[in-house]
Amino acid sequence: MATAAIFSSLRRRRSPSLEAFLAPVDLSGVALVQTLASISTEVVTSFNGIRFSFQRKNARSLIRKIEIFVVLFEFLVDSGYGRRNSTTTTTTSSTALLCLKELYLLLYRSKILVDYCAQSSKLWLLLQNPSISGYFHDLNQEISTLLDVFPVHDLDLSDDVREQIELLRKQSRKSRLFIDKHDEDLRDAFYGFLDGFENGKIPELVDLRLFFIEKLMIGDSRICRTEIEFLEEQIVNHDGDLEPTGSVINGFVAITRYCRFLLFGFEEDGLEWRIENPKKPRKGFVAQEIGDTFITVPKDFVCPISLDLMTDPVIISTGQTYDRSSIARWIEEGHCTCPKTGQMLMDSRIVPNRALKNLIVQWCTASGISYESEFTDSPNESFASALPTKAAVEANKATVSILIQKLADGSEVAQTVAAREIRLLAKTGKENRAFIAEAGAIPHLRRLLKSENAIAQENSVTAMLNLSIYEKNKSQIMEEDDCLESIVSVLVSGLTVEAQENAAATLFSLSAVHEYKKQIAIVDQCVEALASLLQNGTPRGKKDAVTALYNLSTHPDNCSRMIEGGGVSSLVGALKNEGVAEEAAGALALLVRQSLGAEAIGKEESAVTGLMGMMRCGTPRGKENAVAALLELCRSGGAAVAEKVLRAPAIAGLLQTLLFTGTKRARRKAASLARVFQRRENAAMRSGGYGFVGNTNGNRDGGYTTDVSVPISISVPVL
């Protein structure tokens with residue numbers, strides 16, 4: 001049926017109501033006829049005055065057919081069809097009832113198709129021209145079939161109504177598939193531009209102007225941007241059941257983006273962007289609703305990476321679920337392990353978790369939260385790019401050359417728009433990241449990092465983050481004069497919270513290269529700002545900060561800077577935060593390997609209890625990091641710190657549990673710590689006392705009494 005194809009292309013733009021799929025089984029007689037009259041009248045009045053960009057003849061022909069049905073239904077209503085009273089009885093034959101219910105479905109599907117043609121992107125309608133023409137033909141064929149069995153003589157119609165129905169039946173039988181030649185010529189021209197870029201030939205300005213402005217009537221930057229967003233949305237929703245393919249649509253997106261800036265410039269778009277409260281984090285609608293009403297989001301609905309409500313949950317090869325954008329970024333950064341379990345990924349495929357998404361939607365509905373608006377406000381922000389074709393790459397290169405020129409000598413508004421577009425382009429694949437840097441964007445973005453325009457600064461630092469994901473760009477950023485210092489400056493005093501968070505994420509990305517870790521840590525206020533963000537930032541900011549601090553902790557020369565800058569204190573405090581505790585424990589496990597780090601961590605009042613808390617209820621990787629840190633504290637932190645660890649309540653039970661349920665590394669570290677514990681216990685017994693661990697009781701001042709301690713034996717398995 002045509003409807004299935006129509007609905008598949010309507011996925012998120014305009015979902016049909018349930019009535020589009022089900023016949024009105026509870027309607028009959030006059031109620032059914034009145035409903036049909038209402039629907040058909042609505043279609044005619046809503047679309048009679050619409051000027052369709054494409055499918056004009058098909059749409060007008062279908063509306064004219066529906067006008068005849070309006071005449072039929074109004075006559076039936078006026079004649080009392082289906083009404084029963086004491087003087088006259090009008091019954092409804094079973095054939096007539098079935099036909100009227102089938103008409104109900106046809107009218108709803110007609111309404112959806114005509115509305116789709118009126119509301120959709122011009123470029124998308126152009127690309128779909130043959131298939132949409134086929135949908136109209138299918139509806140015409142079904143109307144013809146229905147009229148062939150429609151019991152005209154059973155309805156006691158007037159002569160003029162009967163004649164119109166008979167005429168409509170004859171016309172429907174003669175209807176043929178109609179594909180507008182003018183529309184097809186435009187479609188061929190659009191594909192011609194794609195072929196031109198594919199062959200390395202940029203179309204002439206006059207040809208692009210004629211096509212987009214004069215023929216398609218795309219008259220300004222705002223309309224052009226809307227067209228781009230619609231096409232991008234089709235790629236996101238593309239399930240392989242429509243033509244053209246996602247990669248081809250991606251090429252058309254790139255061409256349209258190029259034409260947007262070539263034909264319409266930059267000024268108009270930038271005037272829309274203002275920030276009223278720069279220091280207040282900008283949240284999506286769902287996040288805002290949750291924050292305003294203090295609703296607790298179920299743990300299973302939160303992405304383990306972003307710590308936000310998942311908008312598009314997907315499953316990876318380890319069986320764990322993440323938000324699509326977060327796990328895609330994780331994989332793009334070169335990671336080959338599961339963020340939550342640490343297991344190696346068998347492959348990079350991701351599968352939509354539709355069951356969980358349905359549960360999230362139901363929860364949002366029950367909680368009074370608008371789930372859908374979170375994803376429709378800015379489609380291109382969540383744009384999942386398809387594999388790029390050569391045409392897309394060449395069109396994007398042409399666009400980047402225009403953008404960089406505006407970054408170099410454009411107005412403030414033009415620079416802001418250009419930075420935003422580079423940010424978005426750098427988000428969609430390593431090819432884009434490579435040629436954007438090669439074209440010379442980094443020096444101009446570095447200059448905008450110091451801009452007093454909050455939007456320009458935010459876009460430039462986010463563009464820098466996206467560019468840094470590509471390995472070869474890291475060296476260009478680090479070697480650019482004053483670039484690293486400017487990124488840290490945004491981290492310290494950025495004009496928006498998002499800018500500060502993205503600066504931290506950029507430092508994390510750059511610190512993936514070992515030789516840059518020390519260079520980053522010694523920048524003035526870098527560690528201090530990351531520590532502050534870890535303590536006081538948003539959930540996402542804390543995640544960015546802790547991952548950056550973790551990377552810096554892997555360089556042995558950074559230990560003193562981590563201590564002096566407050567990094568150690570902030571990591572110890574983060575052990576209480578479930579969202580970042582695992583990374584914090586990992587960083588502490590690295591720092592504690594040095595005597596200086598062990599001493600500093602040992603002085604932190606809550607370090608031992610925090611690490612033990614991770615052993616008790618952390619993730620498998622978190623437990624592994626925690627026991628490793630405690631072991632190194634006993635080895636390098638001095639006798640006082642070791643005694644503090646070994647006297648901690650419940651340490652024996654935690655070690656026993658970890659020895660049999662932990663990861664391989666966790667069991668190995670737990671076995672080593674258990675041996676330290678046993679030696680300490682044996683030494684105490686030889687001196688005439690008992691071990692420090694067992695049924696110890698905490699006193700009111702936080703100390704521990706040892707006079708009731710009893711020795712505890714820990715069995716250590718052979719590893």
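Tutor: A residue is buried when its relative accessible area is under 20%, exposed when over 50%, and partly exposed in between, using a 1.4 Å probe and protein chains only. This is a predicted model, where local features need pLDDT of at least 70, side-chain atom pairs count only at pLDDT 80 or more, and totals for chains, interfaces and linings use all residues. Residues are numbered from 1 along each chain as its sequence is written, and side-chain values use heavy atoms, leaving out hydrogens and water.

Student: Is Lys543 buried or exposed?

Tutor: Lys543 has a relative accessible area of 12%, so it is buried. Val77, at 22% relative accessibility, counts as partly exposed.

Student: With what does the side chain of Lys543 make a polar contact?

Tutor: A polar contact is a pair of N or O atoms within 3.5 Å; within protein, one must be able to donate a hydrogen and the other to accept it, and residues adjacent in sequence count only if both atoms are side-chain atoms. Here the Lys543 side chain pairs with the side chain of Glu583 at 2.9 Å, and it also reaches the backbone oxygen of Gly579 at 3.2 Å.

Student: Which residues have the most contacts inside the largest nonpolar core?

Tutor: A nonpolar core is a set of buried Ala, Val, Leu, Ile, Met, Phe, Trp, Tyr and Cys residues joined through side-chain atoms within 4.5 Å. The largest one has 190 residues, and Phe190, Leu571 and Leu633 have the most contacts inside it. A second, separate core of 16 residues includes Phe301, Ile305, Trp330 and Leu356.
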